[in-house]
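How do the chains of this model meet one another? Please look at the two chain pairings in turn.

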Protein chains: 6
Amino acid sequence: MKISARNMLKGKVKGIIKGPVNAEVSVELPGGEVLVSIITSKSVENLELAEGKNVYLAIKATNVMIAID
Amino acid sequence: MKISARNMLKGKVKGIIKGPVNAEVSVELPGGEVLVSIITSKSVENLELAEGKNVYLAIKATNVMIAID
Amino acid sequence: MKISARNMLKGKVKGIIKGPVNAEVSVELPGGEVLVSIITSKSVENLELAEGKNVYLAIKATNVMIAID
Amino acid sequence: MKISARNMLKGKVKGIIKGPVNAEVSVELPGGEVLVSIITSKSVENLELAEGKNVYLAIKATNVMIAID
Amino acid sequence: MKISARNMLKGKVKGIIKGPVNAEVSVELPGGEVLVSIITSKSVENLELAEGKNVYLAIKATNVMIAID
Amino acid sequence: MKISARNMLKGKVKGIIKGPVNAEVSVELPGGEVLVSIITSKSVENLELAEGKNVYLAIKATNVMIAID
């Protein structure tokens, strides 16, 4: 499957906090930065996410903002 | 200013395509990956974005999806 | 590839309006309803979208609102 | 009321999981597919959502991605 | 119609820039602040938006970020 | 820091409901309207949000819909 979302980053799951509806998944990029994703707890189960698992982060370009100092 | 968006990545503007309403801004991360952002053309002007400028990409955690192979 | 977005709908591309940055893609579902997607014009090229092509619509659950009469 | 969101789909509430802040609402479309929406638990109360209730799903076109096999 | 989006603000259309796909609509709130909305140019037509028209801005709570100085 | 999000509104925190992952933050605008934001509970801590604190609401223009009666 190939998706229209323009941004895909490789990473490894570093931690998961599961709530009754949503979960917070921390993913470490190869350079060491940690990004955070909120998906449903059901998606965490569907994708069998667990610490150490290799994943991709997918982000639609419209959802990327730009900031300057 | 400090914002609730959990994800901030440093980068450098690599290219800008300006349309009448929206613009596509490509930003290169230190590791070489290029991420793409869609913001308004007016924001490109407000932030005086141009090739080579140092910027941050800001992404709300809800807008980060996870994919697996 | 499997993605955390909870909603996937099969459809067929019915029309594309390409602007300099974004494109509007109309997709017909099997039941006849037509849904509209805004993606970058570059994604239209990357996915080689054209009228009649079979596609999936992917929608993160957070982006689905509910309305009542 | 008429809204700018381009996509409106009729459906029937099939299930609700309520958390302290957000709720996951499953909605069955006439063709049998089930879509999932995350809204606040307060919105579930405001709209008096319950199993079997007729609703519309409203989705802004920018939030619809396209995928291919 | 009543929608799950938690935030509704009354305003008056102040200006419209129409592109081939998207349009930028400026809306003035009663207090004088001007908010900006990007919707499809087709939605501008569907809602017959024009300068001076009374409208509501609708914003899903997930899409509201918080910043501090 | 200056961000591409086009909409910034000043307000004061009126209430916070913290869940295990997400939190609902109510913010009162100078005119008395109350807007609602969903951010992660971790962001509530990072920004040290509490009742009465002065904040800005930041909203990307793409996430503002328009409705008419």
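The report below takes the A–B contact, then the C–D contact.

This is a predicted model: local features need pLDDT of at least 70, side-chain atom pairs count only at pLDDT 80 or more, and totals for chains, interfaces and linings use all residues. Residues are numbered from 1 along each chain as its sequence is written, chains are lettered from A and ligands numbered from 1 in the order in which they are written, and side-chain values use heavy atoms, with hydrogens and water left out.

**Chains A and B**

Chain B brings 32 residues to the contact, and chain A brings 32 residues. Contact means heavy atoms within 4.5 Å. Of the interface residues of chain B, 100% are also interface residues in chain A, so the copies meet through the same surface.

A rotation of 180° with 0.0 Å of shift along its axis puts chain B on chain A, with an RMSD of 0.0 Å. The two copies are thus related as by a two-fold rotation axis. In chain B, B:Asn63 comes closest to the axis, at 3.2 Å (C-alpha).

Between chain B and chain A there are 14 residue pairs in polar contact, both residues at pLDDT 80 or more. A polar contact is a pair of N or O atoms within 3.5 Å; within protein, one must be able to donate a hydrogen and the other to accept it, and residues adjacent in sequence count only if both atoms are side-chain atoms.

**Chains C and D**

Here too the contact is made of 32 residues from chain C and 32 residues from chain D. Chain C and chain D bury about 3,100 Å² between them, 65% of it on carbon and sulfur atoms. C:Tyr56, C:Ile66 and C:Ile68 lose the most area in chain C, together 21% of what that side buries. Buried area is the accessible area (1.4 Å probe) lost when two parts are put together, summed over both.

**Salt bridges**

The count is two salt bridges between chain B and chain A, and two between chain C and chain D. A salt bridge is a side-chain nitrogen of Lys or Arg within 4 Å of a carboxyl oxygen of Asp or Glu.

| Salt bridge | Closest N and O atoms |
|---|---|
| B:Glu24 with A:Arg6 | 3.1 Å |
| C:Glu24 with D:Arg6 | 3.0 Å |

Notes
Least-squares fit on C-alpha atoms with pLDDT ≥ 70 in both.
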